[in-house]
Number of protein chains: 2
Amino acid sequence: MSAGAYADLEGRFRRIAHLEGAAAVLHWDSATMMPSGGTAARAAQLATLGRLSHEMLAEPGLGDLIGAAETRLGALDGWQARNLQLMKRRWSRARAVPAGLVEALSHACSACEARWRDARGANDYAALAPLLSEVIRLTRERAAALADALRLEPYDALLDGYDPGTRTVAVDRLFAALHAFLPALTEAALARQAAPPEPLVGPFPIDAQRRLAEQLMVHLGLEAEHSRLDVSRHPFSGGVPDDVRITTRYSEDDATGALMGVLHETGHALYERGLPLAWRDQPVGGAHGMSLHESQSLLIEMQVSRGRPFLAFLAPRLRVWLGGAGSAWEVDNLHQLYARVARGLIRVDADELTYPAHVMVRYDLERRLLGGALDPADLPEAWAVAMREHLDIVPTDDRDGCMQDIHWYAGEFGYFPTYTLGAIAAAQLFAAATVQVPDISAGIARGEFGPLVAWLRDNVHRLGSRFERDELLCRATGQPLEVTAFEEHLRARYLDNVSD
Amino acid sequence: MSAGAYADLEGRFRRIAHLEGAAAVLHWDSATMMPSGGTAARAAQLATLGRLSHEMLAEPGLGDLIGAAETRLGALDGWQARNLQLMKRRWSRARAVPAGLVEALSHACSACEARWRDARGANDYAALAPLLSEVIRLTRERAAALADALRLEPYDALLDGYDPGTRTVAVDRLFAALHAFLPALTEAALARQAAPPEPLVGPFPIDAQRRLAEQLMVHLGLEAEHSRLDVSRHPFSGGVPDDVRITTRYSEDDATGALMGVLHETGHALYERGLPLAWRDQPVGGAHGMSLHESQSLLIEMQVSRGRPFLAFLAPRLRVWLGGAGSAWEVDNLHQLYARVARGLIRVDADELTYPAHVMVRYDLERRLLGGALDPADLPEAWAVAMREHLDIVPTDDRDGCMQDIHWYAGEFGYFPTYTLGAIAAAQLFAAATVQVPDISAGIARGEFGPLVAWLRDNVHRLGSRFERDELLCRATGQPLEVTAFEEHLRARYLDNVSD
């Protein structure tokens with residue numbers, strides 16, 4: 001039995017991955033193709049797929065196989081041993097939470113998320129607060145159950161679900177390091193900022209925007225036979241590694257908003273495409289976690305696409321495809337457009353410099369909500385206080401305040417920090433890549449992304465989940481996650497305005 | 001236990017239906033949206049979904065529940081009791097075939113179907129014959145296992161899988177009745193046929209074809225919020241009842257080929273849309289079988305859409321949308337175009353009069369192949385003999401002969417007869433409908449399909465699988481499946497050329 005235990009486990013996890021892959025494509029379909037009348041049937045399909053993969057993960061026999069495989073660890077190579085460790089992690093998390101609680105939380109989140117869609121439009125937080133309270137109550141139970149099983153603090157147990165290995169103590173340290181320079185840097189950038197750059201004036205035909213975006217996807221190395229680009233209300237990257245599906249949304253008035261979204265999602269998609277083929281459908285072959293995933297999207301969107309070398313490549317293409325002419329379409333003006341700083345109310349519209357403050361507001365508040373120190377009924381006031389402290393701006397209504405993001409209302413606590421961890425990691429990886437391979441920057445200006453993507457493949461993508469994030473970063477950049485490169489990048493782009 | 005056994009069964013079959021629904025949408029995606037590089041990943045997802053739903057169907061506990069529910073039949077209403085009967089049918093079929101045989105057959109069919117795609121292009125039947133032999137050998141084993149469990153003849157056990165309740169003896173009787181008049185009627189129609197009608201000369205912009213097709217789908221009652229129209233190599237109707245997805249293929253040279261395909265698939269889709277909402281995801285709430293399904297597509301495509309009332313409605317729209325002008329676009333010419341008869345080599349291109357002969361050729365040959373009387377190596381010669389007998393025409397190569405259809409190479413034996421049973425049922429249902437509701441024909445000419453669709457909903461769609469096909473036909477038309485109405489329809493359209 002134990003001789004074949006590891007092989008048996010691979011078979012079981014392969015089936016689980018097939019179910020998860022099927023669900024991923026159906027999620028994509030729901031957001032892009034499904035007629036509205038299919039909603040209930042789709043929800044039932046996805047619930048059954050989720051329930052089955054949970055049952056397959058949580059069944060006692062899986063634990064027996066893991067135990068048996070562990071007795072013969074010496075027979076496994078490094079990848080297999082790591083795979084076994086990740087199987088155990090998934091199994092432990094699945095076992096930790098009672099099925100009844102999983103179901104109750106799923107229902108509470110569905111109800112809360114549905115109410116959020118209406119309440120946000122009506123700016124009616126009072127109608128939403130009781131449902132959020134229930135989500136928080138059940139999330140607290142879930143966090144406690146996970147904490148108990150994994151020997152972690154409750155919030156860390158949630159964080160670990162999105163970003164394995166990340167702990168509050170590390171986030172606190174990194175966020176403190178950011179906070180030590182960001183407010184002053186933001187002030188300086190704002191003071192230094194000249195009059196608004198020239199706007200790009202449309203309309204910009206959507207078909208031209210789409211074709212340019214598709215051309216850039218391929219330029220960046222995303223093969224047409226393994227990817228699609230479609231439209232959805234909220235852009236995302238989905239599907240499975242051999243069939244990645246990215247989405248964006250277009251506006252005729254906005255020359256490059258959709259394009260920048262596509263470049264962001266292309267970063268995610270390149271990570272999925274580059275995952276190790278030999279470990280498809282195994283835990284060790286999957287992406288590591290949300291902070292590394294976001295590092296890949298932000299590396300392409302923020303480090304590369306808003307830098308001068310890329311803009312030198314992009315500017316003439318923008319002019320041809322979108323019919324632009326004049327100084328507004330020159331690299332200098334584009335660079336100013338993309339490096340514009342403003343303290344605003346909305347996270348998803350925030351620039352690179354002020355985005356971390358939005359994340360810190362949420363990181364603060366979600367821990368207080370879960371810890372019980374903040375009553376959901378008092379969230380709007382606490383939001384205003386936190387926004388004033390971090391961004392010196394206060395929303396005039398809850399729609400643009402504590403109701404702007406779906407995360408909490410969908411039960412996602414512990415997710416927000418990964419956005420900023422990803423931004424930090426993106427800067428660290430890009431800095432290391434451009435130092436190690438001097439061709440990279442020059443290549444980008446010529447539209448040659450091969451050297452960059454090859455470096456990312458070798459140092460990130462092909463490793464899958466072989467190493468924890470900080471070990472991967474040490475191997476690739478010489479140190480674990482640190483804010484140094486991010487700070488240098490921001491200073492260069494927003495203060496020195498050098499060739500970055 | 002037995003008190004809740006029936007309810008428990010409904011829950012289990014609901015989960016099976018969710019898996020099958022998920023697979024249906026993924027099949028659609030494979031044919032319409034999936035980039036080619038996703039093929040292997042998709043095959044793995046579908047195989048796992050299929051294996052899981054088979055396991056859920058075949059597990060011994062399901063049999064215990066069925067037994068327990070049967071001891072309390074008195075507690076069930078008519079729909080529930082029928083549902084239980086259908087559950088048992090599905091369970092019996094799933095149990096009958098050993099898992100190893102299911103898997104061996106699945107592999108043999110995949111290999112044979114893949115070879116068929118190449119061999120057909122190369123007109124190389126010799127390369128295909130050994131793989132077909134293996135498929136037939138395993139299909140014979142499967143038929144024997146099913147026959148044993150269901151107490152049916154082996155071929156009937158296969159037929160029953162596509163069309164519950166249909167038996168060879170009934171097919172033989174109906175085909176003999178057809179054969180008694182069709183050859184002479186075909187001769188007469190050919191002799192009577194005038195010079196070729198005027199052709200519709202293109203090109204016809206594909207976008208205009210698509211928009212007209214979408215308009216007609218809605219006209220026929222297929223709600224936009226519950227359906228989609230896309231493009232695939234082989235047109236089909238898929239998805240789930242609340243989210244039906246039909247496909248067609250367009251050619252700029254063919255004014256109405258794609259449109260007629262859409263009308264055919266719309267007939268299938270209306271059946272799915274009309275299935276009883278209260279029995280979603282239960283066996284009794286599903287479509288009955290292939291012959292009734294095909295009756296619904298052929299009723300719309302053949303009975304309605306090629307009849308004069310519909311052409312009176314369609315002709316002006318064709319002229320507007322496709323820019324047609326002149327006598328070729330008048331109802332008389334269109335009617336002649338759609339009622340053109342010719343004995344040809346290809347089943348899918350055949351007209352209404354000669355189509356049954358194509359089916360009879362296959363019905364004959366597939367029983368001999370399965371019975372062992374015909375060696376697959378000798379199929380081309382047997383094909384030529386059968387074609388000469390039934391259609392007086394012999395293929396010059398196997399590409400247009402025994403390799404033209406995918407069915408056998410994909411392991412589908414017992415499917416072909418349902419096409420012609422469907423054509424017979426379509427005529428019988430349409431004749432009854434137009435007699436019972438005189439408004440129907442007048443409505444069609446004005447583009448009002450409500451009375452027709454309402455009759456189909458009441459008499460076919462909303463019944464799901466509540467009754468066997470012949471009982472449903474008796475209730476709707478006063479008699480079981482008979483060729484009378486089909487013969488009358490063919491005589492009227494092809495000989496009398498009356499208002500049909």
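What follows is a chat about a predicted model with chains A and B.

Reader: How many residues does each chain put into the contact?
Author: Chain B gives 30 residues and chain A gives 30 residues.

Reader: Which elements of chain B give two or more residues there?
Author: On the side of chain B that touches chain A, those are α1 (2-32), α2 (39-58) and β1 (227-231). The largest share is from α1(B), with eight residues.

Reader: What's the make-up of that side by class?
Author: For chain B, 14 nonpolar, nine polar and seven charged residues.

Reader: OK, switching to helix packing. How do α3 and α4 of chain A cross?
Author: Helix α3 (residues 60-70) and helix α4 (residues 78-96) of chain A cross at roughly 150 degrees, and their axes come within 11 Å. That makes α3(A) roughly antiparallel to α4(A).

Reader: Left-handed or right-handed?
Author: The crossing of α3(A) and α4(A) is left-handed.

Reader: Which residues meet there?
Author: From α3(A) you have A:L62, A:G63, A:I66, A:A69 and A:E70, and they meet A:L84, A:M87, A:K88 and A:W91 of α4(A). By class, that contact has six nonpolar, one polar and two charged residues.

Reader: What about α10 and α13 in chain A, at what angle do they pack?
Author: About 145 degrees, for helix α10 (residues 206-219) and helix α13 (residues 308-322) of chain A, and the axes are 9 Å apart. The crossing of α10(A) and α13(A) is right-handed.

Reader: Who makes that contact?
Author: A:A208, A:R211 and A:L212 on the α10(A) side, with A:R317, A:W321 and A:L322 on the α13(A) side. The contact of α10(A) with α13(A) divides into four nonpolar, no polar and two charged residues.

Reader: What is phi of A:N123?
Author: Near 55 degrees, which is positive in a residue other than glycine. A:N123 is in the loop between α5 (99-122) and α6 (125-150) of chain A.

Reader: Why does A:N123 count as partly exposed?
Author: Because A:N123 has 13 other C-beta atoms within 10 Å, and a residue is exposed at 12 or fewer and buried at 20 or more.

Reader: Where is B:N123, then?
Author: B:N123 is in the loop between α5 (99-122) and α6 (125-150) of chain B. Its phi is positive too, about 50 degrees, although B:N123 is not a glycine.

Reader: Last one: B:W455, buried or exposed?
Author: B:W455 is buried, with 21 other C-beta atoms within 10 Å. It is found in helix α18 (residues 450-459) of chain B.

Reader: What does B:W455 touch, sequence neighbours within four places aside?
Author: B:W455 is in contact with B:A433, B:Q436, B:V437 and B:I440. As for B:F430, 25 residues apart from B:W455 along the chain, the two C-alpha atoms are separated by 9.7 Å.

Technical notes: Residues are numbered from 1 along each chain as its sequence is written. Chains are lettered from A and ligands numbered from 1 in the order in which they are written. This is a predicted model: local features need pLDDT of at least 70, side-chain atom pairs count only at pLDDT 80 or more; totals for chains, interfaces and linings use all residues. Helices (H or I, at least four residues) and strands (E, at least two) are DSSP runs, numbered from the N terminus. Two residues are in contact if their C-beta atoms, placed from the backbone, lie within 7 Å. Ala, Val, Leu, Ile, Met, Phe, Trp, Tyr, Cys and Pro count as nonpolar, Asp, Glu, Lys and Arg as charged, and the others, Gly among them, as polar. Axes are lines fitted to C-alpha atoms, for helices over the stretch in contact, and angles run from 0 to 180 degrees between N-to-C directions. Angles under 35 degrees count as roughly parallel, over 145 as roughly antiparallel, 65 to 115 as roughly perpendicular and the rest as oblique. A crossing is left-handed if the near helix is turned anticlockwise from the far one by less than a right angle, and right-handed if clockwise.
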